[in-house]
Amino acid sequence: MTETRTARIPLDPPRTLLTRVVDLYSRRRYGARLQPAAAMGHHPRLLLTELRHEQALARWDRLDPTLKALAVMSSAVTIGCSWCVDFGYWVSTQDGVDPAKVRAVPSWRTDDALTGLERRVVEYAEAMSTTPPGVTDGMVEALRRELGEAALVELTMMVAVENSRSRFNAAMGLHSQGFRDRCDVPAGT
């Protein structure tokens, strides 16, 4: 796995108890040291806050996991964060999301792998991730009818969270670490 190509910050933060624990956990859970955690290791309070935030996000359960994965991937693709696309593909497929659906995100308008609802979710995430945002009242109303308010709010927040992740990683110059290459399925797109 490539540790870094052109990271804009050294990925060797001070070796504190926190960074050692995060490294150990990352290597055991993901088989690699995660570049975003290494970058955040330069600011331990920020890293700890982000770890707590990610743990809380993992407990949200109002939105179907496949829809959540597709929305997150759509945001990462729209922003152009290769690290997030790579890791998101790996995590999604490890969590049981159909790899064909994840691979369909960049070509969602024409790919048959996605249902109508999945297309609307991907479109919404893409619209949220552009500058300025391209979300319309019609998009929100259609998703509210199909998902309900709680799931719509969760969807919206997950896209906002992925915007934050993707923009941080892209700004720090973090690139794919090769997670997708370790998947048991062919990579596709």
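**Figure 1. The salt bridge between E149 and R144 in the predicted model.** The closest N and O atoms of E149 and R144 are 3.3 Å apart. R144 is partly exposed, with a relative accessibility of 32%. Salt bridges with shared partners connect E141, R144, R145 and E149 in one network. In total, the structure holds eleven salt bridges. Two others of this kind, both involving D23, are shown in the next view.

**Figure 2. Salt bridges of D23 with R15 and R33.** The side chain of D23 meets that of R15 at 2.8 Å, N to O. R33 and D23 are both buried.

**Figure 3. Contacts of the Q177 side chain with the backbone of R33 and Q35.** Q177 is located in the segment after α9 (149-171). With a relative accessibility of 2%, Q177 counts as buried.

**Figure 4. The crossing of helices α4 and α9.** Helix α4 spans residues 65-79, and its axis comes within 9 Å of the axis of α9. The two axes cross at roughly 35°, and the crossing is right-handed. On the α4 side, the residues in contact are K68, A71, V72, S75, A76 and I79. They meet E154, L155, M158, V159, E162, N163, R165, S166 and R167 of α9.

Figure 5. E118 is a buried residue with a relative accessible area of 8%. The side chain of E118 is joined to that of K101 by a polar contact of 2.7 Å. Leaving aside residues up to four places away in sequence, E118 touches T66, L67, L70, K101 and A113.

**Figure 6. The cis peptide bond from T131 to P132.** Omega for this bond is near -5°. P132 sits in the loop between α7 (116-129) and α8 (137-147).

**Figure 7. The cysteines C81 and C84, both buried.** C81 has a relative accessibility of 2%, and C84 has a relative accessible area of 8%. With a cut-off of 2.5 Å between cysteine sulfur atoms, the structure has zero disulfides.

Methods
Residues numbered from 1 in each chain as written. Predicted model: local features only at pLDDT ≥ 70, side-chain atom pairs only at ≥ 80, totals over all residues. Heavy atoms only, no water. Salt bridge = Lys/Arg side-chain N within 4 Å of Asp/Glu carboxyl O. Buried < 20%, exposed > 50% of the residue type's maximum accessible area, 1.4 Å probe, protein only. Helix = DSSP H or I, 4+ residues; strand = E, 2+ residues; numbered from the N terminus. Polar contact = N/O pair within 3.5 Å; in protein donor to acceptor, adjacent residues only side chain to side chain. Axes fitted to C-alpha atoms, helices over the stretch in contact; angles between N-to-C directions. Left-handed = near helix turned anticlockwise from the far one by under 90°. Contact = heavy atoms within 4.5 Å.
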